[in-house]
Amino acid sequence: MINLLVTGSNGQLGREIRDLSSEYDSFHFFFTDIEELDITNKTALQSYIEGKDIRYLINCAAYTNVDQAEENEDTAQLINAVAVKNLAELASNNNIIPIHISTDYVFSGENFKPYTETDSTNPQGSYGRTKLQGEELLKETTPNHIIIRTSWLYSPFGKNFLKTMIQLGKNKTELEVIADQIGTPTYAYDLAKSILKIISHIEKDNNFKDYGTYHFSNEGVCSWYDFAQEIQLSAGNKCKISAIESKDFHCLAKRPHYSVLNKSKIKHIFDLEIPHWRTSMKHCIHRMNN
Ligand SMILES: NC(=O)C1=CN([C@@H]2O[C@H](COP(=O)(O)OP(=O)(O)OC[C@H]3O[C@@H](n4cnc5c(N)ncnc54)[C@H](OP(=O)(O)O)[C@@H]3O)[C@@H](O)[C@H]2O)C=CC1
Ligand SMILES: Cc1cn([C@H]2C[C@H](O)[C@@H](COP(=O)(O)OP(=O)(O)O[C@H]3O[C@@H](C)C(=O)[C@@H](O)[C@H]3O)O2)c(=O)[nH]c1=O
């Protein structure tokens with residue numbers, strides 16, 4: 001049996017891993033969220049794992065409110081960076097492989113082609129800055145790690161753009177949505193499946209050496225405006241979507257204009273097949289309706 005600790009498991013990604021866990025007979029999961037295990041508490045982390053022989057730690061815990069992070073950078077930094085250092089030390093001292101999730105918002109958005117793992121980072125806001133610090137602390141603390149940067153995550157759980165759009169679309173006749181931010185939506189279910197496949201791959205390969213940073217999203221490219229339109233269509237809402245520019249939408253945090261991720265590395269190393277974002281979006285809405 002391989003023991004896995006999942007932190008932040010009441011969030012979008014954690015809930016999807018929970019739902020898939022019964023399909024993995026050889027994995028034993030310890031699902032935790034802040035009430036059971038606060039990742040900012042170093043002592044609690046060490047005592048939680050005592051006697052559990054944890055082999056992998058999937059960190060789904062994060063401070064994910066992008067706008068609020070502008071006003072609460074200290075809290076965002078504590079959860080997205082300082083606590084990641086705690087997890088990295090825990091992993092390093094206990095022979096645990098950490099699988100940590102990061103974001104497309106570590107990039108400036110000035111690229112004109114999909115970002116690779118080696119492209120320079122330059123976050124535009126507090127959330128991206130603290131997530132980048134977390135990546136750096138993990139890298140310098142434990143070499144045997146996997147960092148997966150993903151983008152525009154949604155699921156039937158928690159708070160996300162897809163659920164916001166379905167809700168607003170039911171009650172409004174028109175919505176204005178930004179068309180000059182380009183990226184790729186990621187269905188948390190597809191990411192969760194891939195994470196579990198990556199762990200299975202590492203377990204099978206006695207000589208696994210490909211630790212490091214990877215990019216994952218669904219296939220395809222769109223703007224928030226395109227995504228919103230497809231969501232309304234698939235959800236059967238009649239709401240009209242109008243395209244606006246970022247400068248005309250009031251919010252606290254600056255977001256990248258372009259944050260498409262190049263997924264060649266993760267697909268090649270772990271032999272992953274990734275669905276197109278439209279296919280996955282329909283799967284998610286279907287699940288929500290049933
Ligand atoms: N959401 C997105 O669009 C994207 C997310 N990501 C990254 O993917 C990962 C998963 O995101 P997602 O599932 O959306 O996140 P969510 O915000 O849905 O879930 C995060 C979970 O972590 C919990 N948490 C917060 N602080 C702590 C703590 N100190 N100790 C333990 N748990 C804590 C939260 O609890 P509570 O709700 O009580 O705060 C919540 O249950 C994160 O690393 C995120 O940065 C990357 C790209 C896009
Ligand atoms: C609700 C709404 C949002 N928008 C815009 C604002 C923003 O630029 C974009 C997305 O808004 P949201 O606030 O839902 O998403 P945001 O918080 O920017 O989502 C980000 O979350 C973090 C955690 C990540 O890591 C990123 O990958 C990304 O998914 O849509 C509109 O244009 N019209 C609207 O009615």
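Two strands count as paired if DSSP finds at least two bridges between them; helices (H or I, at least four residues) and strands (E, at least two) are DSSP runs, numbered from the N terminus. This is a predicted model, in which local features need pLDDT of at least 70, side-chain atom pairs count only at pLDDT 80 or more, and totals for chains, interfaces and linings use all residues. Residues are numbered from 1 along each chain as its sequence is written, while chains are lettered from A and ligands numbered from 1 in the order in which they are written.

**Strand β5**

Select Ile 101 and Ile 148: the latter, in β5, is the bridge partner of the former. Now show β4 and β5 whole; they run parallel and are joined by five bridges. Between them the chain passes through α5, and this β-α-β crossover is right-handed (with the strands pointing away from the viewer, the path from the first strand over the helix to the second runs clockwise).

Colour β5 by side. Ile 146, Ile 148 and Thr 150 point one way, Ile 147 and Arg 149 point the other way, and all are buried (20 or more other C-beta atoms within 10 Å of the residue's own, C-beta atoms being placed from the backbone).

**Helix α5**

Select residues 126-141. The 16 residues of α5 should span 22 Å at 1.5 Å a residue, and the end C-alpha atoms are 22 Å apart, which agrees; the expected span is 1.5 Å times one less than the number of residues. Buried residues of α5 include Tyr 127, Arg 129, Lys 131 and Glu 135. To see what covers the buried residues, show α3 (66-71), α4, β4 and β5, which are among the covering elements.

**Ligand 1**

Centre on ligand 1. Of the 25 residues around it, Gly 8, Gly 11, Ala 61, Ala 62 and Leu 153 come nearest (a residue is near a molecule if its C-beta atom, placed from the backbone, lies within 6 Å of it). α1 (12-20), α4 (73-93) and β4 (97-103) each supply at least two residues of this shell.

**Ligand 2**

Which residues are closest to ligand 2? Among the 19 that surround it, they are Thr 64, Val 66, Thr 103, Phe 161 and Ile 178. Finish on β7, which gives the largest share of the shell around ligand 2, four residues.

Terms used:
A residue is buried if 20 or more other C-beta atoms lie within 10 Å of its own, exposed if 12 or fewer, and partly exposed in between; C-beta atoms are placed from the backbone. Two residues are in contact if their C-beta atoms, placed from the backbone, lie within 7 Å.
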